[in-house]
Amino acid sequence: MSESDIQSPLLSSDTQSPDHIITIHDASASLDPGSPEQLYSPHLHRDGANSSSHPGFDNPFGFLGSGDFCVPGSTTVNPFKNHTERIQGVYEWVKIVICLPIALLRLVLFATCLSVGYVATKLALSGWKDRHNPMPKWRSRVMLITRFCSRFILFSFGYHWIKRKGRPAPREVAPILVSNHVSYIDPIFYFYELFPTIVASESHDSMPFVGTIIRAMQVIYVNRFSPSSRKHAVNEIKRKGGCDRFPRVLLFPEGTTTNGRAIISFQLGAFIPGYPIQPVVVRYPHVHFDQSWGLISLGKLMFRMFTQFHNFMEVEYLPVVYPQENHKEHAIRFAEKTSHAMASALNVVQTGHSYGDLLLLMKASQSNQKNLSNYLVEMAQVESVFHINTLEAMEFLEKFLSMSPDPSGRVHFNGFLKGVKLRPCTLSKKVFEFIDLENNGYIVFKQFLCASAHVMKLPLFRQACELAFTECDTCRSNSMSLQDFRELTRPAIPDMTDEEMSELFNLFDADDDGKVSKDDFILCLRKNPLLISIFSPCLIPNKDILERL
């Protein structure tokens with residue numbers, strides 16, 4: 001799972017919030033007298049308030065039309081955590097020592113089968129130009145060699161037998177299969193068992209061995225960041241799913257690997273065409289070794305598999321799920337019905353997490369954060385409520401990490417000031433209060449993300465950015481100087497020193513040329529939407545103009 005492009009999401013989707021929400025409340029730490037935190041007064045909030053409009057609170061973004069604001073609740077589940085990242089216990093160490101000679105033999109078997117399969121695949125693909133149509137039968141027969149090799153590869157990883165429950169439905173009944181995704185073992189098994197067409201990122205094509213093999217599977221490539229590419233992928237799913245001469249289409253609608261203890265939000269690519277779908281669930285029962293990918297390296301995961309006596313795998317083919325008649329209008333409901341069937345079969349919860357959460361988790365890990373679960377926000381749910389994308393969330397995480405969160409993922413008032421380049425003042429206190437909905441005296445990443453997204457997506461935010469720049473650009477030179485910037489922001493933050501003002505100005509001056517262009521100004525406010533509040537003294541008197549823009 002450490003290779004991000006292997007488990008990247010392929011088709012975007014919306015999701016609904018989970019039915020059951022567990023919220024954890026923690027007591028606030030005491031504040032030292034005279035510290036910057038002392039300026040923030042937690043008692044200004046009522047205990048348990050979930051709205052920024054409660055009595056006694058002055059909303060610093062009210063001039064933009066900001067009203068009630070709350071953070072969606074979160075589950076306590078971390079669907080990406082591998083529960084045996086470290087080798088623990090005498091039994092595991094003894095087993096590894098005993099299995100080392102066996103591991104060497106398994107490695108030789110793996111390399112041999114991979115090489116033979118690769119050669120057979122190259123032979124099957126040799127001279128084949130018309131890849132828009134189904135693979136000719138004689139080439140498919142050559143691919144049987146690679147499929148048998150893949151079974152021996154599974155054997156080399158310790159999957160000596162694989163328990164199956166149910167059977168694949170005939171292709172004419174269910175042309176599309178969807179499966180949960182736990183390990184890199186899943187696609188190897190499906191390649192051997194079904195030889196399906198899969199949907200994969202374009203980056204997979206250049207991967208050694210893997211790229212060649214998936215080309216033989218007549219893969220449907222997609223660029224996850226391109227709407228046109230996603231649309232083309234859906235059309236290809238519909239075209240190949242509707243033609244019996246193509247293999248059935250297999251998708252992992254979660255868009256990434258999980259630990260198998262939850263079903264996360266589904267992307268809609270498999271459900272938009274409206275074909276009947278057969279869900280398949282994969283389980284990896286274990287006691288000492290969790291075979292899910294997690295955040296551990298591929299090499300380490302392979303080593304652990306090679307040094308097990310046996311690895312257990314169960315595959316269950318579930319009953320076919322049929323769409324409603326107006327399938328185009330009910331793709332989301334179709335996905336929910338399928339997701340529920342898979343979660344019930346696995347006896348696990350459904351959550352609003354997505355691949356975006358994994359990216360946030362990896363970024364927090366790279367910053368040496370200890371409790372990574374603090375940075376899971378159930379991104380699919382946040383996207384649905386606040387209409388922000390994962391790249392924007394990543395930028396907000398980078399800003400939050402610059403505030404030096406403590407090991408519990410909390411940022412107190414002084415850290416917040418450090419990140420937004422402000423000083424303790426009435427305005428900065430109000431902005432911090434706006435984020436700290438639970439009146440704890442600290443904020444966490446999900447609160448910061450949702451507050452920033454809430455402000456950025458307000459209908460008047462863009463107009464406010466443009467009007468603020470116009471007010472600052474007194475010479476109409478399409479740029480502002482430090483002096484212009486100081487005069488405009490002084491009413492909101494009157495006690496800033498020249499050094500502090502320069503730091504704040506440099507945040508806007510992206511190219512460090514001593515001037516801020518309109519593009520730089522608006523870009524900075526999109527990355528730091530909470531800073532629009534420092535221009536409120538000049539925007540509030542012009543609210544009528546702002547609403548007309």
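My entries follow in the order I made them.

**Entry 1, helix H1.** I kept in mind that this is a predicted model. I looked up H1, which covers residues 90-125 and has 36 residues. From first C-alpha to last, H1 reaches 49 Å, close to the 52 Å expected at 1.5 Å a residue. I then checked for a bend and found one of about 50 degrees at Leu100, with the proline Pro101 following within four residues. After H1 comes Gly127, and I noted its positive phi, near 75 degrees.

UniProt, in an unreviewed entry, places "domain: EF-hand" at residues 496-531. I computed 58% helix and 6% strand for residues 496-531, with the end C-alpha atoms 15 Å apart.

Is Val420 buried or exposed? I found Val420 buried, because its relative accessible area is 5%, under the 20% cut-off. Val420 sits in helix H11 (residues 413-420). Leaving out residues up to four places away in sequence, I listed its contacts as Met403, Leu504, Leu507 and Leu531.

My search of the whole structure gave 28 aromatic pairs. I picked Phe485 and Phe508: the ring centres are 5.2 Å apart and the planes stand at 55 degrees, so the pair is tilted. Phe485 belongs to H15 and Phe508 to H16, so this pair ties together parts 23 residues apart in sequence. Both Phe485 and Phe508 are buried. Ring pairs also link Phe469, Phe485, Phe505, Phe508, Phe521 and Phe535 into a cluster.

Last, I saw Arg410 lying over the face of Tyr442, at 4.5 Å from the ring centre.

Terms used
Residues are numbered from 1 along each chain as its sequence is written. This is a predicted model: local features need pLDDT of at least 70, side-chain atom pairs count only at pLDDT 80 or more; totals for chains, interfaces and linings use all residues. Side-chain values use heavy atoms; hydrogens and water are left out. Helices (H or I, at least four residues) and strands (E, at least two) are DSSP runs, numbered from the N terminus. The expected span of a helix is 1.5 Å times one less than its number of residues. The bend at a residue is the angle between axes fitted to the seven residues ending there and the seven starting there. UniProt positions are given in the numbering used here, feature names are shortened, and annotations may be inferred rather than shown by experiment. Buried means under 20% relative accessible area, exposed over 50%, partly exposed in between (1.4 Å probe, protein chains only). Contact means heavy atoms within 4.5 Å. Rings of Phe, Tyr and Trp (its six-membered ring) pair if their centres lie within 6.5 Å; planes under 30 degrees apart count as stacked, over 60 as edge-to-face and the rest as tilted. A charge sits over a ring if NZ of Lys or CZ of Arg is within 6 Å of the ring centre and within 35 degrees of the ring normal.
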